[in-house]
Amino acid sequence: MFHGKTKEENRQLKTVFSKDIKCRCSMIINKLMEKYDKNIHDMSKDLPKVLDATLRCYDGDCTLCQEHSIVCKGDAALNWWSRSHYLSTYQITALQMDKTDKFLLQEILKMKLTKAAVESMKLYDNTNKNEGVHRAMSVNLPKNVIYSKNMEGRLASGVHRNNNMPGTSTQLKCKNLGVDLSTRSQLYLKKMDTNFKYSQDYELRPAVQERRLQQSAEKLAEHKTWREMNKKHDYYCKDQLDPQPALHFQDHDSYCKPKLNPRPAAD
């Protein structure tokens, strides 16, 4: 299926190709979500055609790409083989697939590009969002502290802060508790909301996302170059992680024998 000369090269190309499939399927789902405004029923109508076009594209047939592939235009300038950072960096321009490889690739694509797969992702959540919620909850409920009396209140406070901006959440809590905030405190909380909103908008800017994708591509190319330059060198040495003794003795006897003070010279 790959053009590697050794098993190690083929293993590396398989890893790169698996990352490319994941990236392409995620991009297709995001494009369809934007097109149909996260309507799963309308998305499911295009998924069979998208899956067929994607499978044909990897097989070298881009006749359906311009109409159904979404991420591949099918021409020589704007095709997926040149657009993908993974394939272009490792110079993968064709796949030598037989019937078994096509069937396996089709089953892999079905894990992301089918109606059942999209319905399982209907909440549009991922691992990053789960980790973000855990990190936000750990502010009020750290793992190393047990709050036996006010755990529910601290959890509700964290949920309220996530649903609202930090400054707004603090103002609402103080208002319900009957606490009057000074003008300086209100300005500080307002500035906190402004910084929070700016940080969110900054992450979603197209220029920022494009720059980060470019940085990822540069890191991928740098990693590939480093592996090629150092593939003949083995930096491993035996016992490299073992603690080194503080003292080194020439032989066992000189260390074990008691050291006697020399006799004073006779007058």
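## Largest pocket

The largest pocket has a volume of about 2000 Å³. Its lining counts 38 residues, and those closest to the centre are Ser-26, Met-27, Asn-30, Gln-209 and Leu-213. The model is a predicted one.

Five helices each give at least two residues to the lining of the largest pocket: H1 (7-35), H4 (80-83), H5 (85-89), H8 (127-140) and H12 (206-229). H1 makes the largest contribution, with twelve residues. Sorted by class, the lining of the largest pocket holds 15 nonpolar, 13 charged and ten polar residues.

## Second largest pocket

The second largest pocket has a volume of about 540 Å³. It is lined by 18 residues, of which Gly-132, Ala-136, Asn-162, Phe-196 and Gln-200 are closest to the centre.

Here H8, H9 (151-163) and H11 (183-203) each supply at least two lining residues. H8 has the largest share, at seven residues. H8 also supplies at least two residues of the lining of the largest pocket. By class, the lining of the second largest pocket splits into seven nonpolar, seven polar and four charged residues.

## Ser-84, between H4 and H5

Ser-84 sits in the loop between H4 and H5. Both of these helices supply at least two residues of the lining of the largest pocket.

Is Ser-84 buried or exposed? Ser-84 counts as buried because its relative accessibility is 4%, and the cut-off for buried is under 20%. A polar atom of the Ser-84 side chain lies 3.4 Å from the backbone nitrogen of Leu-87.

## Helix H6

H6 covers residues 99-110, twelve in number. From first C-alpha to last, H6 reaches 17 Å, close to the 16 Å expected at 1.5 Å a residue.

Which residues of H6 are buried? They are Asp-101, Leu-105 and Leu-109. Viewed down the helix axis, these buried residues fall within an arc of 70 degrees, so they line one face of H6.

The face of H6 turned away from the buried side carries exposed residues. These are Lys-99, Thr-100, Phe-103 and Leu-104.

Notes
Residues numbered from 1 in each chain as written. Predicted model: local features only at pLDDT ≥ 70, side-chain atom pairs only at ≥ 80, totals over all residues. Heavy atoms only, no water. 1 Å grid on protein atoms, 1.4 Å probe; cavity = no way out; pocket = protein on both sides within 12 Å on 5 of 7 lines; lining within 4 Å. Points joined across faces, edges and corners; volume = space filled by probe spheres on them. Helix = DSSP H or I, 4+ residues; strand = E, 2+ residues; numbered from the N terminus. Nonpolar A, V, L, I, M, F, W, Y, C, P; charged D, E, K, R; others polar. Buried < 20%, exposed > 50% of the residue type's maximum accessible area, 1.4 Å probe, protein only. Polar contact = N/O pair within 3.5 Å; in protein donor to acceptor, adjacent residues only side chain to side chain. Expected span 1.5 Å × (residues − 1). Arc of directions from axis to C-beta.
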